Amino acid sequence: MPRITVTVDGVKYEEDVEPRLLLVHLLRERLGKTGTPVGCDTSNCGACTVMLDGKSVKSCSVLAVQADGCDVVTIEGLGVNGSMHPMQQAFHEEHALQCGYCTPGMVMAAIDLLRDDPDPSEERIRHGLEGNLCRCTGYCNIVRAVRRGAQEMGRAVTMP
Amino acid sequence: MIPAQFEYVRPGSLAEASQALASDEDAKVLAGGQSLLPLLRLRLAYPSTLVDVGRLDELKGVHDRGDHVFIGAMATHDEVMRSDVVNAGCPLVALAAAHVADPAIRHRGTFGGSLAHADPAGDMPAVVLALDGVFVARSARGEREIPAADFFVDYLESSLGPGEILAGVKIPKLGEGWGFHYEKFHRTAQAWAIVGVAAAVKRSNGAIAEARIGLTNMGPTPVRARATESALQGMELGDQIRQACEEAAADTSPPSDLHAQPDFRRHLARVLTHRAVRTAAGTP
């Protein structure tokens with residue numbers, strides 16, 4: 001069984017994994033990172049989105065062995081000292097969720113989008129989140145939250 | 001679902017990878033995995049071994065080689081769409097790469113993987129076919145070049161032989177006067193194309209000097225709209241272009257599925273080809 005080394009939310013793990021183990025199952029079932037849900041079986045929904053070496057990926061479509069030596073950040077690794085990440089806070093403030101199942105993936109995809117465009121337009125946000133499905137909200141509040149999160153993050157960057 | 005069991009190897013070189021592949025006919029190449037892993041999860045594929053070429057430097061990167069751009073098989077769609085070399089040398093490839101799936105999948109999915117997978121509904125095959133790309137395959141027997149017209153054999157089937165691995169694709173630079181467009185029709189933002197049209201059009205003195213048109217999902221392989229290409233040659237820009245595009249579905253055998261029946265796909269091919277050609281010719 002291959003042995004992999006992977007850093008998840010700042011903690012380094014060494015794990016023996018079956019080759020067929022998906023990254024999302026490693027996160028949830030071996031490392032207890034249940035903040036990342038499995039939404040579909042077809043790579044469509046994006047609920048399981050995490051950062052792999054700084055870029056968003058659908059963790060149901062990556063084998064754990066492919067993440068060997070990589071750095072993974074999940075929704076659980078965003079907050080600092082018990083306080084929410086500005087994007088999480090913005091989703092809370094704008095009520096950008098109903099059932100909440102898509103939210104971890106939405107937040108990760110939104111943060112990824114801001115790497116590219118720190119101040120995205122509504123259209124850019126809708127395109128940037130096209131790999132993430134929400135079946136409750138109709139997306140309006142999600143788009144508002146990403147705008148707000150972007151502004152908060154911009155403010156945090158420009159603070160002295 | 002959880003995939004069926006398989007062995008996993010991560011070779012250190014392309015030669016080793018080719019050997020691993022040649023020694024086991026049920027082995028499959030794993031590139032970015034964005035097509036393969038869904039197939040494994042749905043248990044539509046049961047490879048004995050996955051040969052992971054994801055870390056082979058020999059397959060990475062995009063290179064300007066004078067008269068063509070060489071796109072390494074492991075270049076991701078995200079890299080391709082952002083690459084200055086691709087945007088300058090073969091902009092149609094960059095344009096189309098931005099239409100593939102969604103940002104997270106473009107971070108993992110690879111140019112070579114989507115071509116070797118040979119899914120006629122994928123965006124890249126029709127683009128490379130339209131641009132007359134040349135596929136470079138490597139194996140223990142050496143290197144082989146395969147013209148795009150010979151690469152796609154049938155549904156999900158390429159002409160890569162046992163032990164052969166796609167190293168990359170040469171995309172010829174077309175020079176001055178060309179315009180490009182990729183027109184994709186799909187139900188939802190990240191879905192496969194129901195039909196897609198890749199168009200490269202060369203303008204000269206108010207007329208079309210040459211047109212190259214590749215069709216996505218209009219048959220078991222990507223196809224060229226040859227009849228329309230011929231009809232457009234030398235045609236002045238104007239309403240008659242629509243007439244030429246009426247031939248776009250000639251000699252195609254589009255599939256029937258949940259999203260569209262063949263007659264609807266033929267209709268789409270005609271309409272989308274007209275849009276793609278007009279946009280590529282700069283006359284929207």
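## The sheet in chain A

Chain A holds an open sheet of 5 strands in the order β2-β1-β5-β3-β4, with mixed pairing; strands here are DSSP runs of E of at least two residues, helices are runs of H or I of at least four, and both are numbered from the N terminus. Two strands pair if DSSP finds at least two bridges between them. The edges belong to β2 (11-16) and β4 of chain A, each pairing on one side only. On average, neighbouring strands are turned by 35 degrees against each other, direction ignored (axes are lines fitted to C-alpha atoms, for helices over the stretch in contact, and angles run from 0 to 180 degrees between N-to-C directions).

This is a predicted model, where local features need pLDDT of at least 70 and side-chain atom pairs count only at pLDDT 80 or more, while totals for chains, interfaces and linings use all residues. Residues are numbered from 1 along each chain as its sequence is written, with chains lettered from A and ligands numbered from 1 in the order in which they are written.

## Strand pairing and the helix

Strand β1 (residues 3-8) of chain A runs antiparallel to β2(A), and 6 bridges join them. One of the bridge pairs is A:Arg3 with A:Asp16 in β2(A).

Then there's α3(A), which packs on the sheet and touches β3 (49-52) and β4 of chain A. Its direction makes about 40 degrees with that of β3(A).

## Where A meets B

The contact takes 23 residues from chain A and 25 residues from chain B, counting residues whose C-beta atoms, placed from the backbone, lie within 7 Å. On chain A's side, β4 (55-58) and α3 (103-116) each give two or more residues, and β4(A) gives the most, with 4 residues.

Definitions and conventions:
Contact = placed C-beta atoms within 7 Å.
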